[in-house]
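Good morning. I will go through one structure today, starting with a helix and then moving to the aromatic rings. Please have a look at it first.

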Amino acid sequence: MNSYNLLKESQRQRVSDGSITPIFDGCEGAKRLLILLWPQLGDFDSLEYAWWLKKEARWLESIEITIRAIGIGDRDSGLRFCEYSGFPPAWLFIDPRGELHEQLGLYPGLSAKIPGFSAPANAYLNLLLMCAGIGSPGTLAEVFRGYRGDRSAPQLIGDEEAIEAFPLPPMKGSFFRLAGGSGFQRPFELATLRLRNMSEVLGRWKTYVPDPSYITRRGGTFLFDFAGNTLYEYRDRGILGFAENMSRPLSFLERFTER
């Protein structure tokens with residue numbers, strides 16, 4: 001079964017109302033359907049992907065992209081995720097064990113097992129190894145990009161935008177001009193956004209990660225046309241690798257518009 005048909009036939013719990021419903025519910029007549037398989041909802045990648053979707057919401061609407069996402073967690077995870085990220089809860093579905101991820105052949109993450117360790121303990125160990133770049137290609141390079149800046153990426157925080165990222169003091173986006181200017185991703189700008197996400201998740205860990213057994217599992221991006229033909233597909237291979245082009249994660253959609 002191809003990816004489109006598998007997704008079309010799948011039902012999961014919708015965050016907005018808690019009902020078990022087809023993932024494609026409400027997508028009838030969609031010109032282009034963007035289906036996102038997210039890892040644990042407390043994962044860096046899930047939160048950062050949702051941030052980009054919110055940032056580009058008007059553009060995505062203008063090019064007629066219909067979005068649905070499936071994340072690992074439970075409904076409480078989904079509700080908090082949507083409250084924090086601004087992602088519409090009617091577009092988010094829950095897959096507690098990442099079964100749909102497995103059916104689509106997405107990367108399960110590092111799976112080393114220490115005898116005597118429980119499944120959650122082994123998962124935490126593997127997560128730490130992946131954060132160090134083991135079994136997670138590109139992770140360390142992406143971490144460093146967040147600190148050093150990226151002139152090929154857009155500016156992420158407006159000069160007048162206020163941002164809080166504990167334990168840093170509140171600051172305005174204009175602070176980052178001191179690190180190199182404006183109009184591109186400045187040094188420490190992305191790292192600050194990631195710190196804000198990390199502070200949010202660690203403060204509500206049990207909500208975001210009700211079962212850590214699946215915390216290493218990665219996600220994927222699938223774009224289909226109205227007939228179910230695959231226009232684009234990307235499968236994550238590591239932490240902080242949710243896009244083919246991390247400088248501009250939604251650039252694969254630019255073929256559909258003049259920006």
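Helices here are DSSP runs of H or I with at least four residues, strands are runs of E with at least two, and both are numbered from the N terminus. On that basis, E142 belongs to helix α7, residues 139–148. Before I go further, this is a predicted model, in which local features need pLDDT of at least 70, side-chain atom pairs count only at pLDDT 80 or more, and totals for chains, interfaces and linings use all residues. Residues are numbered from 1 along each chain as its sequence is written, and side-chain values use heavy atoms, with hydrogens and water left out.

Back to E142. Is E142 buried or exposed? Buried means under 20% relative accessible area, exposed means over 50%, and partly exposed is in between, with a 1.4 Å probe and protein chains only. E142 has a relative accessible area of 7%, so it is buried. Contact means heavy atoms within 4.5 Å. Setting aside neighbours within four places in sequence, E142 is in contact with L190, R194, L240 and M246.

A112 sits in the loop between α5 (99–103) and α6 (119–131). Its relative accessible area is 32%, so A112 counts as partly exposed. Not counting residues up to four places away in sequence, A112 touches N122 and N126. A112 and G135 are 23 residues apart along the chain, and their C-alpha atoms are separated by 10.0 Å.

Now the rings. A pair of aromatic rings is described by the distance of the centres and the angle of the planes. Rings of Phe, Tyr and Trp (its six-membered ring) pair if their centres lie within 6.5 Å; planes under 30 degrees apart count as stacked, over 60 as edge-to-face, and the rest as tilted. How many aromatic pairs does this rule give? The count is 13. One of them is W38 with F81, a tilted pair at 5.4 Å centre to centre and 50 degrees between the planes. W38 is in strand β3 (residues 32–40) and F81 in helix α4 (residues 75–85), 43 residues apart, so the pair links distant parts of the chain. Both W38 and F81 are buried. F175 and F176 have ring centres 5.5 Å apart and planes at 80 degrees, so this pair is edge-to-face. F175 is partly exposed at 47% relative accessibility, whereas F176 is buried at 1%. W38, Y49, F81, F87, W91 and F242 form one aromatic cluster.

Last, charges over rings: NZ of Lys or CZ of Arg must be within 6 Å of the ring centre and within 35 degrees of the ring normal. R151 lies over the face of F184, 4.1 Å from the ring centre. The charged end of R237 sits over the ring of Y107, at 4.0 Å from its centre.
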